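Dear colleague,

Please find below the structure that I promised to pass on to you, and after it some notes on what was found.

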Amino acid sequence: MTGQPRIGDVFGELLRDAMAVATGVGPRPLAGGRLPRPVIEVIERDDGLINGAPAAHYLDGPADWQPHDHRAVDRVRGDTLDIGVGAGRIALLLQEREVPVTGLDVSPGALAVCRRRGVRDLVHGTVDEHAASGRRYDTFLLLGNNLGLIEGRERAPAFLAALAAMARPGAQVIAHGTDPYGTRDPVHTGYHEYNRRRGRLGGQLRLRLRYRELGTPWFDYLVCSPEELAGLVHGTAWRLVDVDDRDAPYYLATLRLSA
């Protein structure tokens with residue numbers, strides 16, 4: 001017993017259990033040995049802040065989505081790469097619409113849940129690894145706040161270059177982000193200042209995920225303003241062509257491959 005979580009596929013394990021609770025099929029975590037326990041994703045920040053969120057929303061159908069999810073899906077065209085496919089909620093709707101869609105994720109367990117739910121084309125790996133496959137796409141999706149996968153100033157150029165390597169002419173990136181700077185909560189405003197003192201973007205989170213006895217390694221996840229995103233995109237193969245902030249502080253950013 002070390003007091004530290006065992007490194008493992010946190011996301012895959014919690015999605016598997018959330019699906020078992022939702023469907024009644026498969027082993028479920030139990031409270032008191034009898035009743036199904038809600039599956040909670042624990043998010044630990046490097047300043048000691050701990051939050052928890054129910055994992056059931058990863059399985060939500062379109063009727064339970066936020067408006068910006070629907071607007072994002074309506075913008076999709078051509079062969080699509082759903083980056084951070086999770087439990088496959090976006091990919092399943094695109095399949096229903098007969099849009100060619102590939103789900104990409106680093107979690108083997110998440111991909112297993114996607115297969116059980118009917119997602120047909122799945123790839124295990126990072127965007128950098130998949131860029132070597134030779135496959136090409138017209139649309140890249142970073143939904144479910146997955147703009148955060150850009151990580152920060154250091155990672156953004158390589159991440160965007162990997163997408164450009166897989167992009168057909170005129171390709172687009174549709175990304176869901178959150179502007180972090182509207183809050184007055186000192187727990188968050190203090191963290192923004194803490195980050196800036198370290199030379200990081202204010203909303204550049206350092207996190208690890210926890211579920212039961214498992215944890216992930218620490219990783220960066222970016223929550224940034226549209227203005228910060230424009231700065232990250234500048235000088236890359238992409239240009240920021242639209243920001244839809246009708247659901248502020250959430251927004252959809254559309255990047256287009258430069259001619």
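Which residues have the most contacts inside the largest nonpolar core? They are Phe-140, Leu-163 and Trp-238, in a core of 32 residues, where a nonpolar core is a set of buried Ala, Val, Leu, Ile, Met, Phe, Trp, Tyr and Cys residues joined through side-chain atoms within 4.5 Å, and buried means under 20% relative accessible area, exposed over 50% and partly exposed in between, with a 1.4 Å probe and protein chains only. The largest share of this core, five residues, comes from H6, a helix (a DSSP run of H or I, at least four residues, numbered from the N terminus).

Please keep in mind that this is a predicted model, in which local features need pLDDT of at least 70 and side-chain atom pairs count only at pLDDT 80 or more, while totals for chains, interfaces and linings use all residues. Residues are numbered from 1 along each chain as its sequence is written, and side-chain values use heavy atoms, with hydrogens and water left out.

The structure also holds five aromatic pairs (rings of Phe, Tyr and Trp, the last by its six-membered ring, with centres within 6.5 Å; planes under 30 degrees apart are stacked, over 60 edge-to-face, the rest tilted). Phe-11 and Tyr-58 form an edge-to-face pair, at 5.0 Å centre to centre and 90° between the planes, and both Phe-11 and Tyr-58 are buried. Tyr-191 and Tyr-194 form a tilted pair, with 5.9 Å between centres and 45° between planes; Tyr-191 is buried at 2% relative accessible area, whereas Tyr-194, at 30%, is partly exposed.

With best wishes

Methods: Helices (H or I, at least four residues) and strands (E, at least two) are DSSP runs, numbered from the N terminus.
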